[in-house]
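Let's take a walk through this protein together. Keep the 3D view open and turn it as you read.

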Amino acid sequence: MKLLLVEDDAAMRTTLVRALGRRGIQIEACGDGRVALEKWRSSPFDVILLDLTLPGLDGLQVLAQARRDGLDTPVLILTARGTVGDRIIGLNTGADDYLPKPFDLDELEARLRALHRRRPGSTTELASSPYTAGALSYEKESGAIYCRDQVLDLAPRELALLTALLEKKGHAVTKERLFDLVFPGQVEVAYEAIEVVVYRLRKKLAHTGVTLMTLRGLGYLLKTDA
């Protein structure tokens, strides 16, 4: 994957270049919006990792101009602006995904690789078919869960819980098993904490065509709505 990283924080830029470079991603980086737009226009990239707060042109201006120019490279917005309104503006401007700071490096890599694979004409193939339920699909290779072709915004524990349920779709998963997967080795965590994660995940699954059901005495089950 060839990545254009646009980040004005020099320390963050250096850290990401090193960390993602060690994971086999070819990176070109800059910290100015105007420079980024010129690089994007003049060189093919597989994915753009774009901060919003930039000198020259801000990230949304860069994105809007690139889309007007017909540049269709997938874009992941990476920014400290984490409100729902900011996400909607970014996505409506033409972004493909959105990850607020601070972020987990593994999640960032998974989202970047998922965008790369989903780009039309990409030669990268999935190692296995995704698990699906309703509007949800789980790509086992990247660990990303999609809802109608958009990465579902989940906290790490919610992601672990939903992944476990998707892998056993149609079968109940015991509370004990889910606790071990969501809180691995965390003996100090109260057993009832899994119910809090279930509650939060259930709210996020609204309108996905999937219901997280509680089966008394058996555990939890994903049910595709009729």
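Before we start, one term for later: when one helix passes over another, the crossing is left-handed if the near helix is turned anticlockwise from the far one by less than a right angle, and right-handed if it is turned clockwise. Also keep in mind that what you are looking at is a predicted model.

Let's begin with the sheet. In what order do the five strands of the open sheet lie? Going across, the order is β2-β1-β3-β4-β5, and the pairing is parallel. The edges belong to β2 (26–30) and β5 (97–100); each has a single partner strand, so one side of each is left without a neighbour in the sheet. As you step from one strand to the next, the twist averages 20 degrees.

Now look at how the strands are joined. β1 and β3 run parallel and are linked by four bridges, and Leu-3 has Val-47 in β3 as its bridge partner. On to the next pair: β3 and β4, also parallel, are joined by three bridges, with Ile-48 partnered by Val-75 in β4. Then β4 (residues 75–79) pairs with β5 in the parallel sense over four bridges, and here Leu-78 stands opposite Leu-99 in β5.

Next, out to strand β5, where you'll find Asp-97. Is Asp-97 buried or exposed? Its relative accessibility is 4%, so Asp-97 counts as buried, given that buried means under 20%. Leaving aside residues up to four places away in sequence, Asp-97 touches Val-75, Leu-76, Ile-77, Leu-91, Arg-111, Leu-115 and Val-151.

Time for the helices. Helix α1 (residues 10–22) lies across β1 (2–6), β2, β3 (47–50) and β4, and runs at about 175 degrees to β2. Helix α2 (residues 33–42) packs on the sheet too, touching β1, β2, β3 and β4, with its direction at about 145 degrees to that of β2.

Helix α2 also has a helix partner. Two packed helices are described by the angle between their axes and the distance between the axes. For α2 and α3 (residues 59–68), the angle is about 25 degrees and the axes are 10 Å apart, which means that α2 is roughly parallel to α3. Here's where our opening term comes in: α2 passes α3 in a right-handed crossing. At the contact, Gly-33, Leu-37, Trp-40 and Arg-41 from α2 meet Val-62, Leu-63, Gln-65, Ala-66 and Arg-67 from α3. Sorted by type, the residues of this contact come out as five nonpolar, two polar and two charged.

Finally, move along the chain to another set of strands. β6 (residues 131–133) and β7 pair in the antiparallel sense over three bridges, and Tyr-131 stands opposite Tyr-138 in β7. The hairpin of β6 and β7 has two residues between the strands, and in it Gly-134 takes a positive phi near 60 degrees. β7 also pairs with β8 (residues 144–147), again antiparallel, over four bridges; there, Tyr-138 has Ile-145 in β8 as its bridge partner. In β7 (residues 136–139) itself, Leu-136 and Tyr-138 point one way, Ser-137 and Glu-139 the other, and all are buried.

Notes. Residues are numbered from 1 along each chain as its sequence is written. This is a predicted model: local features need pLDDT of at least 70, side-chain atom pairs count only at pLDDT 80 or more; totals for chains, interfaces and linings use all residues. Side-chain values use heavy atoms; hydrogens and water are left out. Two strands pair if DSSP finds at least two bridges between them. Axes are lines fitted to C-alpha atoms, for helices over the stretch in contact, and angles run from 0 to 180 degrees between N-to-C directions. Contact means heavy atoms within 4.5 Å. Angles under 35 degrees count as roughly parallel, over 145 as roughly antiparallel, 65 to 115 as roughly perpendicular and the rest as oblique. Ala, Val, Leu, Ile, Met, Phe, Trp, Tyr, Cys and Pro count as nonpolar, Asp, Glu, Lys and Arg as charged, and the others, Gly among them, as polar. Buried means under 20% relative accessible area, exposed over 50%, partly exposed in between (1.4 Å probe, protein chains only).
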